[in-house]
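Let's take a friendly walk through the charged side chains of this protein. Have the structure open beside you as you read.

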Amino acid sequence: MRIIIVGAGKLGYKLAESLSQEENDVIVIDIDSEVLERVNENLDVLTIKANGAQLQALEQLHINNCDLIIAVTGSDETNILVSVTAKKIGCKKAIARIRNPEYANQVDFIKSQMGIDYIVNPELATAKEIAKVLLKNQGIYMEDFAKGKVAMVDFRVENLLWVAGKKIKDLNMTGPLLVVAIARNGEMIIPYGDTEILSTDTIYVMGQKESINEFSKIHGAPTETKPVKKVMILGGGKSAYYLANKLTYNGVDIKIIEQDKERCKALAECLSSGLVIHGDGTDINLLVEENISDMDAFVALTGFDEDNLLITLLAKQYRVNKVIAKVSRPNYIPIIERLGIDIAINPILITAGEILRFIQGGKVISISLLLGGKAEVLEIIAHHESKIVGKKLANLGLPKGIIIGSIVHENKIIIPDGNSIIQPGDRVIVFCLQSEVASLEKYFYRAKGGLINELWHGCKGIRKSTSI
């Protein structure tokens with residue numbers, strides 16, 4: 001598949017990294033030489049210094065022979081222009097990042113009238129993810145698959161009883177459950193029966209929801225919490241606006257603390273309810289005055305990762321039950337679980353996951369990127385021509401970095417073993433290390449198809465950096 005990514009920022013880089021793992025021919029365009037140099041040094045892609053909105057630049061790249069263009073520059077208008085121009089010239093599909101809340105109600109019109117196939121809004125996607133966490137009446141955060149029949153939870157081992165020091169095979173597993181991975185010292189490892197669990201580990205458990213709740217009870221992790229009714233939000237950006245709307249719609253009282261006076265006025269005018277406070281959210285005295293200790297949840301959404309982490313830790317000290325921090329830098333993710341923060345939300349990973357799911361054409365129902373993108377969890381519908389169908393898993397020779405976590409066959413959840421056989425139409429939840437994404441494709445799709453689409457594989461060429 002031949003893919004052009006216009007914009008080499010954080011999201012553009014993550015998309016180039018993920019898509020280049022799948023034997024695609026990826027071209028990254030940007031006007032900034034420094035960001036292109038970083039891409040060129042670390043990824044097997046072609047980098048080009050050019051203005052992706054210019055017709056001449058797109059024509060020189062033979063956009064009419066391109067399968068997909070992804071416009072993720074810092075400007076909504078530029079992204080729309082790039083996508084529309086590319087489609088008019090002959091590019092098969094176009095994806096645009098559009099962030100402005102003023103465009104939020106026009107997405108369907110923009111897609112239908114301008115021919116853009118998919119529009120992604122990182123701030124809206126982030127707000128949806130946070131709202132999902134806050135509105136769930138659970139003490140542990142579950143990532144749902146198979147229409148809620150299967151869940152995955154990450155547990156910090158230090159918070160569990162009778163787990164540290166045990167081998168995987170000796171864990172007290174009630175019902176259909178499987179430890180699919182262990183996060184250890186910033187790395188993701190696939191465990192085996194004899195793998196010993198350390199107190200500093202985070203384990204990822206997949207299986208039936210009821211069984212996960214039972215596992216939580218046995219090992220001392222909370223399974224239910226009181227409903228969230230009061231939320232304090234630090235930062236008044238786009239994500240805060242979307243989140244406030246979703247929470248107030250569900251009857252939650254919100255307080256937003258924002259340092260910029262004009263932004264406070266804009267939020268107060270746009271929001272139907274809630275309190276907007278002009279002040280420095282890193283000021284402990286202000287937080288105390290605004291009764292932070294009475295909050296059910298605290299969400300830090302400023303543009304500074306360090307502030308978000310520090311203030312959410314402070315909120316924990318004031319016994320706020322749920323604390324969530326927005327973190328944009330992937331290198332912070334491995335240490336967050338050691339700090340005691342409940343959830344760290346990374347808008348780049350959330351948005352990249354949405355785009356990858358769209359690219360994979362409905363064959364992948366959902367996708368989650370874990371630990372800075374070092375692993376993926378995918379829900380895939382097994383096709384009758386897939387290599388993995390109709391054979392015992394033990395006979396497939398799956399790489400060590402791929403684990404079939406669950407199979408949903410005729411609404412029945414199966415935790416597979418070597419004798420399990422996947423049937424056409426089964427929902428398969430797969431845990432896969434980033435290094436094995438290309439291998440995963442070979443098992444789930446026909447030889448001429450690929451993870452993206454039957455016709456979308458291009459030939460990989462010689463990588464180099466150039467300019468137009």
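At which residues does UniProt place the feature "domain: RCK C-terminal"? The unreviewed UniProt entry puts this feature at residues 140-221 and 365-446; UniProt positions are given in the numbering used here, feature names are shortened, and annotations may be inferred rather than shown by experiment. In residues 140-221, the end C-alpha atoms lie 8 Å apart, and the span is 12% helix and 34% strand. Helices (H or I, at least four residues) and strands (E, at least two) are DSSP runs, numbered from the N terminus.

Please keep in mind that this is a predicted model, where local features need pLDDT of at least 70 and side-chain atom pairs count only at pLDDT 80 or more, while totals for chains, interfaces and linings use all residues. Residues are numbered from 1 along each chain as its sequence is written, and side-chain values use heavy atoms, with hydrogens and water left out.

Now to the salt bridges (a side-chain nitrogen of Lys or Arg within 4 Å of a carboxyl oxygen of Asp or Glu). The whole structure holds 17 of them. Here are three of these pairs, with the N to O distance for each.

| Pair | N to O distance |
|---|---|
| Asp 67 and Lys 92 | 3.4 Å |
| Asp 117 and Lys 87 | 3.0 Å |
| Arg 329 and Glu 306 | 3.1 Å |

Start with the salt bridge between Asp 67 and Lys 92. Asp 67 sits in the loop between helix 3 (55-60) and strand 4 (68-71), and Lys 92 in the loop between helix 4 (76-89) and strand 5 (93-97), so the pair ties together parts 25 residues apart in sequence. Asp 67 is buried, at 7% relative accessible area, whereas Lys 92 is partly exposed at 45%. Here buried means under 20% relative accessible area, exposed over 50%, and partly exposed in between (1.4 Å probe, protein chains only).

Next comes the salt bridge of Asp 117 with Lys 87. Asp 117 belongs to the loop between helix 5 (107-114) and strand 6 (118-120), and Lys 87 to helix 4; the pair links distant parts of the chain, 30 residues apart. Asp 117 is partly exposed, with a relative accessible area of 23%, and Lys 87 is partly exposed, also with 23%.

Arg 329 is partly exposed at 36%, as is Glu 306 at 34%.

Finally, Lys 136, Asp 144 and Lys 209 are joined in a network of salt bridges.
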